[in-house]
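Subject: Model handover

Hello,

Here is the structure I promised to pass on. Please open it first, then read my notes below.

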Amino acid sequence: MDKIHILWADDEIDLLKPHILFLKDKGYEVQAATSGDEALELVEKNDYAVVLLDENMPGLSGLETLNRLKASNPELPVIMITKSEEEYLMEDAIGSKISDYLIKPVNPKQILLSLKKTLDNKRLISEKTTSNYQQEFRQIGMTLGDRLNWTEWVEVYKKLVYWELELDNSKDESMMEILKMQKSEANNLYCKFIESNYVGWLNEKIPNPPLFSHTLFKAKVAPLLDSNETVFLVLIDNLRYDQWKIIQPIISEYFKVDSEDLYSSILPTATQYSRNAFFAGLMPSEIEKRFPKLWLNDEEEGGKNLHEEEFLADQLKRLGKNVRMSYNKITNHAAGKKLSENMSNLMQNKLNVIVYNFVDMLSHARTEMEIIRELADDEKAYRSITLSWFEHSPLHDILKQIAAKKCKLIITTDHGTIKVTEPSKVVGDKNVNTNLRYKQGKTLDYVKKEVFEIRNPADAFLPKQHVSSAFVFVKEDKFFAYPNNFNYYVNYYRNTFQHGGISLEEMVIPFITLSAK
């Protein structure tokens, strides 16, 4: 095995020869420096895996040496060794991004442990993660063999997302492939679960349904309006549970999570249906009946999500919540900046709703723009772009202001999205809708085993545009493709992120309640 080269800078290096011999025996090649200036020269000429740096040296101090080292070699790990336990020294050192620090006198085993922790940390974490998932894999597999209820499916999905995020940081690609296979198996079984229960839940023939889009506001938001706090409801369009977990650490700097719930989007898992149902507190056919002039069906021209504020006002009235509210829909950066600058005007309202449409635009842009496809090449990259957007978005500033005013915050979404890989052939007339994950029409021909079909839309509280209209929802990671021009269509849409159908990613979505710290 190749020796690991380290630099040890200490003006009393002669006293450390037993330590150096010990490290040499453990596979480390130690080069000594007796001053900060000498250490900087050696780092310029040689490649070191890590620097051990004495804080208290004559001439250039340890902290000054550290700052210069980091200016020229920001990625070089530095372990600080100091005689002092004074807090300001530790704060200065940690603020300068040291990897570890030790307080004199140090023994050789302390040094060795610190080196291992610094140099092997990522590898050890990766190996531990892989080992832990191997154990969990068997447990999840056994669980999937049971007849799961909704609550148990939520727990399975949470575990799968947890391991997906953990393995993101591991370089064990084979283990990630195993997780993908297990997730695919879970989605296959989940689709069967939805087929068996969905219509029964909606018609109150099967007990213990999940909270759905149309029942969520009444159950979870309305009770918060009876408190003395101002409530902000931020609905981020198309936000999956894994994307919530990616942005959660940033939000947790100024909010604490009171509850993390997962609820079920209705079908279709498309904005026109699920978001309108959320704000109206009604299923789509009920919205159509109550608001015949506002609801537009798939075949009709015009925007399908233009009346959410009216639907929400009506729901609040039905629930007996006579409160001041605001509704803002953000569809671009400029609108987000404008809202951020006018947040003080919202603080007198009891309820402030902000619909933020970035993640949905990202998924559509990824389909249509080659550069976004390359940037979000896989699930990990897709999450990374979501994180980067959030960190630098006006929404981040808006949430900070909400925290500063000690308001209650809800973060939720209307549906998720799934990366589609396999085509499912469908044939329909020219009036069939364009969504790749569900089709609605009167002359549909499709592969029955690949879809969940609802022959009578009224069974699922969906509008019936024609006497013979039906809805079909494609399952797992498939997408609908027409036989004519099939290959072009498949190549264009394969590996894009879509929504409208049945999968854990689209249907099992976050509803998070937070309080300012």
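First, a convention: a crossing counts as left-handed if the near helix is turned anticlockwise from the far one by less than a right angle, and as right-handed if clockwise. Helices (H or I, at least four residues) and strands (E, at least two) are DSSP runs, numbered from the N terminus.

This is a predicted model, where local features need pLDDT of at least 70, side-chain atom pairs count only at pLDDT 80 or more, and totals for chains, interfaces and linings use all residues. Residues are numbered from 1 along each chain as its sequence is written, and side-chain values use heavy atoms, with hydrogens and water left out.

Helix pair
H9 (residues 241-251) and H16 cross at roughly 35°, and their axes come within 9 Å. Axes are lines fitted to C-alpha atoms, for helices over the stretch in contact; angles run from 0 to 180 degrees between N-to-C directions. The crossing of H9 and H16 is right-handed. H9 contributes Asp242, Gln243, Ile246, Ile247, Ile250 and Ile251 to the contact (heavy atoms within 4.5 Å). H16 contributes Tyr382, Arg383, Thr386, Leu387, Phe390 and Glu391. By class, the contact has seven nonpolar, two polar and three charged residues. Here Ala, Val, Leu, Ile, Met, Phe, Trp, Tyr, Cys and Pro are nonpolar, Asp, Glu, Lys and Arg charged, and the others, Gly among them, polar.

A pocket, on a 1 Å grid over the protein atoms alone, is an open set of points where a 1.4 Å probe fits, with protein on both sides within 12 Å along at least five of seven lines; lining residues have an atom within 4 Å of a point. The lining has 24 residues, with Glu164, Met176, Glu177, Lys180 and Glu379 nearest the centre. H7 supplies the largest share, eight residues. The lining splits into 16 charged, four polar and four nonpolar residues.

Sheet
Six strands form an open, mixed sheet, ordered S7-S19-S10-S6-S9-S8. Strands pair if DSSP finds at least two bridges between them. S7 (255-264) and S8 (325-330) are the edges. The twist averages 15° from one strand to the next. S7 and S19 (residues 508-516) run antiparallel, joined by nine bridges. Ser259 stands opposite Thr513 in S19. H6 (residues 150-168) packs on the sheet against S7 and S19, at about 120° to S7.

Best wishes
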